[in-house]
Amino acid sequence: MTKKLLSLIVALFSILFSNAQNTQNNPTSNHGNKFEQLGTTLPDANTYRTASGAPGHEYWQQKADYKIDATLDEKDLRLHGEEEITYYNNSPDVLNYLWLQLDENQHNPNNEANNFDDSKKSLPLTNNQLDGLEFKKNLEGYGVNILSVTDKTGKALKYTINNTMMRIDLETPLASKQNFTFKIKWNYKIPERLKIGGRGGYESFTEDGNAVFTITQWYPRMCVYSDYQGWNNKQFTGRGEFALVFGNFEVSMKVPADHVIAATGTCLNVNEVVTAEQLNRWKKAQTAESPIEVVTLAEAKSKETNPDKTNFKTWKFKAENVRDFAWGSSRKFVWDAMAQNVNGKNIMCMSYYPKEAYGLYNKYSTKTIAHTVKTYSKFTIPYPYPVAISVEASNGMEYPMISFNYGRTEADGTYTSRTKYGMIGVIIHEVGHNFFPMIINSDERQWAWMDEGLNTFVQFLTEQEFDNNYPSSRGPAHKIVDYMRMPKNQLEPIMTNTENIAQYGNNAYGKPATALNILRETVMGRELFDYAFKEYCTRWAFKHPAPADFFRTMEDASGVDLDWFWRGWFYDIQPVDISLDSVIAFTVDSPRKVLEGSDTVTTRKTKVKEEFLHVSRLRNKQAGMTFLVDKDTTLRDFYYYYKPEPVTKETTTIKDKYENLSLLDKEEFKKYEDKFYYELNFSNKGGLVMPIIVQWNYKDGTSETEYISAYIWRKDEQKVTKTFAKDKEVVAIKIDPFKETADIDENNNSWPKIKSESRFDLYKTKVTTKYENKEQNPMQKKLSEKK
């Protein structure tokens with residue numbers, strides 16, 4: 001054998017071995033059994049993170065405490081800050097340098113993230129598109145100005161800025177179990193948020209000449225150093241959010257004297273910054289069961305017309321065991337508050353909003369906050385912080401104890417149902433982020449689904465407890481079908497890094513929320529799921545979980561093998577499409593007969609009054625749940641009572657039953673003679689294995705539903721056959737009747753065959769309360785009639 005030939009053989013075996021390894025370790029591979037364990041796909045367990053999904057006995061995490069003094073210069077639109085950071089190295093490692101985040105450098109004109117996305121323009125061209133091509137000119141003057149970095153004695157420290165990251169080099173390495181204190185001075189030009197973009201900045205109200213400031217990602221803050229990835233110094237590009245260290249904050253904010261501040265934590269000097277009358281209202285609010293206006297609408301309007309832009313006040317806040325600190329400031333704010341008891345502890349639920357949002361926020365915001373912390377506490381852990389805040393700022397973003405949301409009425413005080421439910425949903429979502437990731441502190445920069453997906457799931461549960469008819473946009477399985485049926489080159493696994501996701505809303509929010517809802521309602525059942533989910537939240541509260549910790553805990557606490565589910569829903573892109581290919585019926589005295597669907601149905605037109613009742617709503621009703629709109633009827637408005645006219649829809653009924661033909665000896669099988677047998681043949685056209693849900697509709701008008709475990713596919717992932725014995729004659733069969741598996745093709749789910757309505761047909765018969773303009777809005781019509 002020549003040396004050249006030997007090299008060729010070695011290379012060939014190397015390729016074959018590599019392919020075999022890739023097939024074994026890649027859970028998205030079409031080869032191999034979908035029910036095999038994830039194995040090496042998950043990281044090895046160790047003393048920091050156990051195979052059960054719990055923190056190990058040597059688990060550690062870093063800590064950072066902050067003392068910050070900030071000044072808001074409203075005239076020059078600039079923020080000035082000085083901070084002292086004490087960083088605790090609880091790791092077993094020696095650190096030669098520290099990494100900090102300079103998020104406001106997102107707006108620096110030289111930041112590479114401002115120029116690495118494609119920029120194909122659509123027609124017709126708009127001013128925003130053309131202005132975006134001159135981003136450097138538009139961003140001139142923005143970004144963080146670092147004035148000094150020193151140790152606690154004032155000695156300068158060497159530092160290097162790399163876009164949104166800053167490395168501080170330590171003269172003496174920081175040993176394990178030691179801490180280091182240093183100081184930073186900085187300032188930056190505050191961006192006009194709705195024009196420049198970003199999560200923080202100011203919004204200008206040209207009508208009254210005032211502004212609402214939302215100060216977020218505003219101070220140099222520590223990066224996470226963890227056991228599984230070391231320093232997380234991945235750049236902030238504007239999408240992937242944050243990985244942050246827990247610690248304590250003492251923050252002083254000097255602002256114009258007539259401003260009101262909403263912030264993370266509790267105000268230490270509230271008696272110094274509000275009037276005596278406002279202080280009295282604040283004290284009453286601390287035991288109130290309904291919101292009390294601490295700063296009234298009349299007071300806010302008065303300050304708008306008579307602003308004080310020369311005098312200043314300093315508000316002082318303190319927050320313990322939080323990963324971040326954010327605040328809002330404006331003279332436009334109305335401030336209302338009420339107490340919500342959670343496990344014997346009163347949580348102050350508070351809203352801050354300009355007059356433009358008064359019609360919606362005053363009625364709904366604070367009560368929605370209270371409902372959110374109470375409901376999330378039931379499904380996760382009791383809310384541990386003293387306050388929960390929603391600030392109306394025409395956006396949606398979250399921070400510890402405070403969130404910025406939207407919800408403004410028209411000038412005449414009317415609003416659409418879309419605005420109302422959109423506002424309630426975003427308040428639930430952003431306040432819910434207190435749990436994911438502010439408490440269960442996952443790495444948003446790496447895995448968006450671990451906070452957005454889990455939070456969207458609990459948001460759905462909270463919305464359904466607000467009102468069982470709440471129009472949730474994510475959570476029910478049928479809501480994700482359009483995404484799941486997209487071409488494969490447009491899909492990505494949930495387990496895709498945050499920065500690389502193409503379909504961000506569907507992939508980070510919708511699909512993981514749907515997957516968890518399916519786990520709860522269809523795969524595990526509510527009792528097992530709720531226990532395991534709560535265990536995950538309890539184990540990882542105030543810690544840094546990774547995906548494997550979630551996957552392992554859900555299995556460990558429930559006793560349910562879910563590797564097939566994680567593989568299919570989180571690591572793969574295949575959709576659910578289970579087809580009922582044929583039905584074979586027989587009795588003991590008749591031959592088997594394949595039942596055809598084409599000539600056994602007739603159509604009739606009926607009035608359909610109720611919208612589709614998805615499985616979560618059905619089980620909530622069966623459980624006798626009491627909803628918030630029933631407990632507090634003040635939350636009902638026009639849209640609660642408004643019901644659209646019934647629409648005409650074609651449905652199918654059986655025309656002729658099948659024939660009975662003799663096959664078996666009736667005497668020999670006499671005890672079976674009253675039974676009806678049905679052999680159902682299924683195929684897995686989508687690829688994603690799921691439970692098979694069969695609804696039997698009987699000749700006497702009754703029905704029943706059976707659940708067949710996904711493990712029916714474990715020996716043949718393409719085709720399976722299941723035979724059933726029934727006491728009554730079946731006239732129709734429906735697969736996935738409550739649309740709980742995200743099946744992308746309902747046309748193959750029924751016997752007799754039923755053709756689904758086209759999108760055009762649905763559009764023609766659609767009745768909706770989501771009116772796009774005031775002329776269509778029935779609430780507006782009702783107000784006009786009153787006038």
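Is Ala-319 buried or exposed? At 2% relative accessibility, Ala-319 counts as buried, where buried means under 20% relative accessible area, exposed over 50% and partly exposed in between, with a 1.4 Å probe and protein chains only.

The model is predicted: local features need pLDDT of at least 70, side-chain atom pairs count only at pLDDT 80 or more, and totals for chains, interfaces and linings use all residues. Residues are numbered from 1 along each chain as its sequence is written, and side-chain values use heavy atoms, with hydrogens and water left out.

**Figure 1. The whole protein.** The secondary structure comes to 20 helices and 33 strands. Both are DSSP runs numbered from the N terminus, helices being H or I with at least four residues and strands E with at least two. Of the 787 residues in the protein, 53% are buried. Among contacts (heavy atoms within 4.5 Å) with a separation of 6 or more, 76% are between residues 24 or more positions apart.

**Figure 2. Ala-319 in strand β17.** This strand covers residues 312-322 and includes Ala-319. Leaving aside neighbours within four places in sequence, Ala-319 is in contact with Gly-247, Asn-248, Phe-249, Thr-264, Gly-265 and Met-401. Gly-247 is 72 residues away along the chain, yet its C-alpha atom is separated from that of Ala-319 by 8.6 Å.

**Figure 3. Ala-298 in helix α7.** Ala-298 lies in the helix formed by residues 297-305. Its relative accessible area is 56%, so Ala-298 is exposed. Between Ala-298 and Val-334 there are 8.7 Å in space, C-alpha to C-alpha, and the two are 36 residues apart in sequence.

**Figure 4. His-107 in a loop.** The loop that holds His-107 runs between β3 (95-101) and α2 (127-132). His-107 is buried, because its relative accessible area is 4%. Its side chain makes a polar contact of 2.6 Å with the side chain of Glu-104. A polar contact is a pair of N or O atoms within 3.5 Å; within protein, one must be able to donate a hydrogen and the other to accept it, and residues adjacent in sequence count only if both atoms are side-chain atoms. A polar atom of the His-107 side chain also lies 2.9 Å from the backbone oxygen of Gly-197. Beyond its neighbours within four places in sequence, His-107 is in contact with residues including Asn-114, Leu-139, Tyr-142 and Pro-191.

**Figure 5. Asn-620 in helix α16.** Asn-620 is found in the helix of residues 615-622 and, at 5% relative accessibility, counts as buried. The side chain of Asn-620 makes polar contacts with the side chains of Asn-468, at 3.3 Å, and Arg-526, at 3.1 Å. Asn-468 is 152 residues away along the chain, and its C-alpha atom is separated from that of Asn-620 by 7.5 Å. With neighbours within four places left aside, the contacts of Asn-620 also include Gln-464, Met-625 and Phe-627.

**Figure 6. Helices α8 and α9.** The axes of α8 (residues 358-379) and α9 (residues 417-432) come within 9 Å and cross at roughly 40°. Axes are lines fitted to C-alpha atoms, for helices over the stretch in contact, and angles run from 0 to 180 degrees between N-to-C directions. The two helices are therefore oblique to each other; angles under 35 degrees count as roughly parallel, over 145 as roughly antiparallel, 65 to 115 as roughly perpendicular and the rest as oblique. Among the residues that meet are Leu-360, Tyr-364 and Ile-369 in α8 and Met-423, Ile-427 and Val-431 in α9.
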